[in-house]
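Subject: Structure handover

Hello,

Here is the structure we talked about passing on. Please open it alongside these notes.

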Amino acid sequence: MKALDPRVTPARPDIAAARLRGEVEAARFVEGAPAQIRSASAPLRRRPDPEAPLETEALHGEAVTVFDEAGGWSWVQLSRDSYVGYLPSAALGALEAPTHRVAALRTHAYTGPSVKRPPVAALSLGAQLAIPRAEGDFLVDSAGRFFWARHLAPMDSFESDFVAVADRFLNVPYLWGGRTSEGIDCSGLVQTALTAAGIPAPRDSDMLEADLGAALPEGASPRRGDLVFWKGHVGVMRDSSTLLHANGFHMMTVAESLSEARNRIAATNGGDVTSIRRL
């Protein structure tokens, strides 16, 4: 059997996706059942354990395939980027076709058409909603919750500048595996910004480096929108000299000189830049 990336391969010794029959060994193969994230976000973990490391987060409205469920945990694959892991079964519900996405950094859901009503949820940029109707300045989702209309955008509309999207996360706390305005990591920042601009992107920095763009020749000057990679880290150029990145040194998303970031990362055994890639 050939080696497959376990991060995006729904296979365990006891169970695997039916499409992997002949590629992996497993006691049984299943088709999986479609489901959708119904909570504001859901943590995807390596093991069915709340203390297990956070791999990534799934946002409200994102589709998943469920291959197994036990003890309140579902073993799933995310439709967005194919990541595989365990998330709380309580976060899942039936599929419905989303019509809108959250375009603001964060938006609240209200019980009625007034921002003075008590908020009942807060959704982050990129969350998806099924909106059957509008009422004044609000859009009402299938659960009867009211959202400020200008915080949402149709699913078929995209941002024109993904760097400007990443900019909205300035000063958001760093969170390993995070993908929301409450906490985000380096590759989550890049993936979220690219997705908002209609550019599909994998989850982790090594995947992004392997899949996106073309490497600049040695000595070429970077420009806005170029992706800068280290082993295990990624940022995006805000302009020809400024790097925007979520990082564990500042413990938040910052904009700083690329030269300062390179020197600091090298001085702390993070190595040098492995590539700068242009989309």
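Surface first. The protein exposes about 12800 Å², and carbon and sulfur atoms supply 53% of that area. The areas come from the Shrake-Rupley method with a 1.4 Å probe; for residues, only the protein chains shown count as cover.

Some ground rules. This is a predicted model, where local features need pLDDT of at least 70, side-chain atom pairs count only at pLDDT 80 or more, and totals for chains, interfaces and linings use all residues. Residues are numbered from 1 along each chain as its sequence is written, and side-chain values use heavy atoms, with hydrogens and water left out.

Overall fold. The protein has four helices and 25 strands (DSSP runs numbered from the N terminus: helices are H or I, at least four residues; strands are E, at least two). The C-alpha trace spans about 55 × 55 × 35 Å along its principal axes.

Of the 279 residues, 50% count as buried (under 20% relative accessible area; exposed is over 50%, partly exposed in between; 1.4 Å probe, protein chains only). Take contacts (heavy atoms within 4.5 Å) between residues at least 6 apart in sequence: 53% of them join residues at least 24 apart.

Cores. A nonpolar core is a set of buried Ala, Val, Leu, Ile, Met, Phe, Trp, Tyr and Cys residues joined through side-chain atoms within 4.5 Å. The largest has 25 residues, and F162, L208, L227 and V236 touch the most other members. At least two residues each come from α1 (162-167), α2 (186-196), β21 (227-230), β22 (233-237) and β23 (242-247). The biggest contribution is from α2, with six residues. Beyond its neighbours within four places in sequence, L208 contacts S187, V190, A201, P202, F229 and V234. Another core, of 14 residues, lies apart from the largest one; A35, A42, A58 and L78 are among its members.

G72 sits between β6 (63-70) and β7 (73-78). G72 is partly exposed, at a relative accessible area of 40%. P48 is 24 residues away along the chain, and its C-alpha atom is 8.5 Å from that of G72.

Best wishes
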